[in-house]
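Here's a quick briefing on a two-chain model. Have a look at the structure first, then read on for the main points.

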Amino acid sequence: MILFSAYLAVLLSFASGLLALTVNQRHLLQTLCNYSFSTLFKNQSQHKAWIDKNLELQRFPAFLRQGVFILLGLSGLFAVIAGLTVLISKQVITDQLPLGLPWLPWHIRFDCLSGFFFLIIGIGVFAVSLYGPGYVRTYKEHQHPFASLGLFTGLFVAGMLLVLLSDDAFMFMIAWELMSVASYFLVAFQHENSANRRAAFLYLLMAEVGALAIILAFGVLASFSDGFTFNALRESKLSVTWSSIAFVLALLGFGMKAGIAPIHVWLPEAHPVAPSHISALMSGVMLKVAVYGLIRFCFDLLSEVQWQWGVVLLILGSLSALAGILYAMMQPNLKRLLAYSSVENIGIIFMVLGLTMIFMATGHPQLGVLGLLAALFHAFNHALFKNLLFLGAGILQHQTHELNIDMMGGLIKKMPQTSLLFLVGCMSISSLPLFNGFVSEWLAFQTALQVDVLDNGVLRSLIPVAAAALALTAALAAACFVKVFGLIFLGQPRSHHSEKAHEVQNKFMLAGPALLAGLCFFIGIFPSTIIHLINNTSEQLLGQTLPNVNALSWLWLAPVSAQQASYSPPLVLIAALIAAGICYSYFRRNPLTTVRTAPTWDCGFGGLTPRMQYTSSSFTMPFRRIFAKVWIVDEQISKETKGAMNQEVASVHYQLQVHDHSWPHIYTPIAQGVNDLARQVGRIQTGNIRTYLGYSFVTLILLLWLIS
Amino acid sequence: MNWLIAILQSALFIILAPLLAGWLKYCKCRLQNRKAPSLLQPYQDLLKLSNKQPVVSEQASWLFITAPYLIFSATALAASVVPLIVVDLPTSASADVIVMVGFFAFARFFLTLAGLDIGTAFGGMGSSREMTISSLAEPAMLMAIFTLTMTASTTNLSGAIAHVLDEGLVLRPSFVFALFALVLVAIAETGRIPVDNPTTHLELTMIHEAMILEYSGRYLALIEWASQLKLMLYGVLIANIFFPWGIAETFALKDLGYGLLAILGKLALLAIFLAIAETLVAKMRLFRVQEYLSFAYLLGLIGMLSHIILEASR
């Protein structure tokens, strides 16, 4: 039953992709429907009217779009059902599918870890399917065909679900490639722009390099075992050196997909150029699949984790978190900013996973469980709020035709509902209390504060530094999202478009983000609901649960023990409501003190214009100065003067560009190296047939010598 | 009973906050050879403001009007978590010290958004500077507090203070570092000299004032009160974490009385130190604040490392 709904989720996403292909086959569909209905039902007049109405030339595209997204939504729904049931029942279900080569059936395994990520994907896909029909309506059919968008969306979702289901390396890689390649086509969807094509190519290139690393990692494991099924890989006995090599390869492969610094560069290029609902899926969901891969590989397939790996993850995670948020802060493009912020959040997840490894390897499995809990919970939360923010960015782009936050402003009055949903997203991602982001950060701090139990001096001093980095990251994230919300929604409109903007008409476009925002708040208040589920996951994966399960009531969150740390969001919410209520009623008691509106104080000079407001670059200027070494800042000010002696300034142009350090220091040298190598190889290609015959002859002799 | 005491204590916290501000002003005036206003002047100011008709800009959105309530509530919640006169608080269990820092972040989030809401250059300037300073100060504060929580192996403030009380007078190098870090952070976060000048009306040096320039009437009263509360909160944190002696450990009336007297004395003393420092030190340039705060961060980190290396049980 559980497996059935999981399969159904995969099949429905395939079906939605296939249905999208029929966008140009209206007549075929019409005859098919007529034929099937006439054979199946006797009173066909009623059905016929329905078919004719919906398959009319004008209505057909909208009808099909809805059909595609309904199938996708059902797929998400079944994924949620499958995930929840397997998490609650704590089952491990295995199966074999007679697909692929005859002697290599696909092995399926559906356990709590897969179930948890099924839940993440299901929620994300469901929200996107509510949002999608309204969003894609604006694409012109001849320029951006819906068939390709729908097909690759379906394949992309199916690929992600299959990755989670797979129980052998072959199926894993096939599903992984399906996911990567389908998402490549989605990134390249708006291919008329050369920057988009470049971003898509970069994405494909890095995805394939990552996939190679994963194949090699599986290969290392497989060479010590018989077969490629995960069961066989689990049994393999590796020396520490070989398992470390496998770990490094897996980290490279999965880290590249997850967007860990410094192998994150595809992420801020690729995520912003895809359609917004796809960016939401890529940033909110696909990165989690990479996290799943790493967890599966390290904690399940590699039987023994080493604490040194944990240190590597901890350092890489801290660096990514800090670099991600600092780069995010400097981006004027909203979707690019959100993409960099994904780097930050993935960094936090990796950091906490590193702590888990350290605690597991040094013989403190219960603290390891706490770390895994924080990591998985943060992955879940990030999926919620990042999806929400990307969908919100899509609405903004839809309504204002802008993504540059310096061109927005004052939208809180024009788009009240969107602004409220976006505010919830910003508050969650800034990890403010009462929202879900805070809970996972709280758990991460609690994990890091348990460092006292370790014996190793290096670790004891390293982990507090990582905690400090986490604290700095959280504070910078709050600054970044104050900037985002403040500049987009508050103040005065900075451009014509945002002055004319209005609330989105399609209510379903708001329903998707509203669902996510509601979940962000609900889980912020009742985190135990999810933590119970994750606890089941860690019981299966690590064979351990939280030390103090009894303390995990719906009211209290006390992961270690009630004496050490506890947090009760419902009580905090009640107290906050009481406090706000008291001060509201106290200050409202006097009827004379009703609010009077007046023009803004302009220092007596008159004429406050929107151009006088702070912009993105002026808001972040203190940060740019303080952390100057982090970016390559290209700041140019040119003045034009006029008048006698050129004393009077006619106009000032200010240009600011912030670049990533990893390009000139890592990627350009690599690209250069590849080019040089190719040129060296090119030397033997003389273009002369005799030389080539000579090569063939020498090769033949060599091979004969080898096999003899 | 516990809850009643906790609620009463939070109320006391909120009521006493303007008094501390008045006392601080009194000390500063005396040090600068000026005639001091009455100690109760801040109460009269708050009363006057809350009875005035508020004037709000035409550009303001609902966020501008809601923000003062949220800021005040979040700061009041933070205050209810901190033991003032008695250690054993049930509120400390429902929200630990990390949540308290979270409440501060919550209040700051809305304060800075309110600064951006009207769309004037001042508001943006204040918000940008406030976020810069606080994003450097918050980690420094967490480092200082983590030193305490790791020593007491709990993040529950009541528990941590009780632990320090039980240990008696032990000189811990980590606490000395953490104390200095927390003092530096407190000065930055509450907008005192040398980071920000609470009495300034010179536009280019304003931070806190720039954000709340558009507020008037009861909204201004709430924000002023919240910032007085924040000042007192940091004072109580410093006093009760590092010098907890005197705080009541039981709910006996006599102990509570002593606890109240003790904290009043400690706060009065701290305010005198602050007044002296504010009289002697000049305000810093904005871009030297980062050096100041990274010094605080470093002190917090050194405190934590010295705890781990020197003091931990193995």
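Strand S3 (596–598) of chain A and strand S1 (residues 55–57) of chain B pair up in the parallel sense, with three bridges between them. Keep in mind that this is a predicted model. Below you'll find the contact between the chains, then chain B as a whole, then two helix pairs.

**Interface between A and B**

- Within that strand pairing, A:Thr597 has B:Val56 of S1(B) as its bridge partner.
- Across the whole interface, 68 residues of chain A are in contact with 72 residues of chain B.
- Several elements of chain A each put at least two residues into the side that touches chain B, among them S3(A), helix H18 (436–448), helix H19 (457–489) and helix H23 (569–587).
- Which element of chain A gives the most to that side? That's H19(A), with 15 residues.
- Sorted by class, the side of chain A that touches chain B comes out at 45 nonpolar, 17 polar and six charged residues.

**Chain B overall**

- Chain B has twelve helices and one strand.
- Going along the sequence, the pattern reads α-α-β-α-α-α-α-α-α-α-α-α-α.
- A compact globule of 314 residues would have a radius of gyration near 20 Å, and chain B agrees with that at 19 Å.
- Along the principal axes, the C-alpha atoms of chain B fill a box of roughly 60 × 45 × 45 Å.

**Helix packing in chain B**

- Helix H8 (residues 173–189) and helix H12 (residues 289–311) of chain B pack at an angle of about 155°, and their axes are 8 Å apart.
- Angles over 145 degrees count as roughly antiparallel, so that is the label for H8(B) and H12(B).
- H8(B) and H12(B) cross in a left-handed way.
- The residues in the contact of H8(B) with H12(B) split into 17 nonpolar, five polar and one charged.

**Helix packing in chain A**

- Helix H6 (residues 146–165) and helix H12 (residues 276–301) of chain A pack at an angle of about 20°, with 10 Å between their axes.
- Here the cut-off is under 35 degrees, which makes H6(A) roughly parallel to H12(A).
- The crossing of H6(A) past H12(A) is left-handed.
- On the H6(A) side, the contact is made by A:Thr153, A:Met160, A:Val163 and A:Leu164, while H12(A) brings A:Ile278, A:Val285, A:Met286, A:Val289 and A:Tyr292.
- By class, the contact of H6(A) with H12(A) has eight nonpolar residues, one polar and no charged.

Terms used: Residues numbered from 1 in each chain as written. Chains lettered and ligands numbered in written order. Predicted model: local features only at pLDDT ≥ 70, side-chain atom pairs only at ≥ 80, totals over all residues. Axes fitted to C-alpha atoms, helices over the stretch in contact; angles between N-to-C directions. Helix = DSSP H or I, 4+ residues; strand = E, 2+ residues; numbered from the N terminus. Parallel < 35°, antiparallel > 145°, perpendicular 65-115°, else oblique. Left-handed = near helix turned anticlockwise from the far one by under 90°. Contact = placed C-beta atoms within 7 Å. Nonpolar A, V, L, I, M, F, W, Y, C, P; charged D, E, K, R; others polar. Pairing = 2+ DSSP bridges. Rg over C-alpha atoms; globule rule 2.2 N^0.38 Å.
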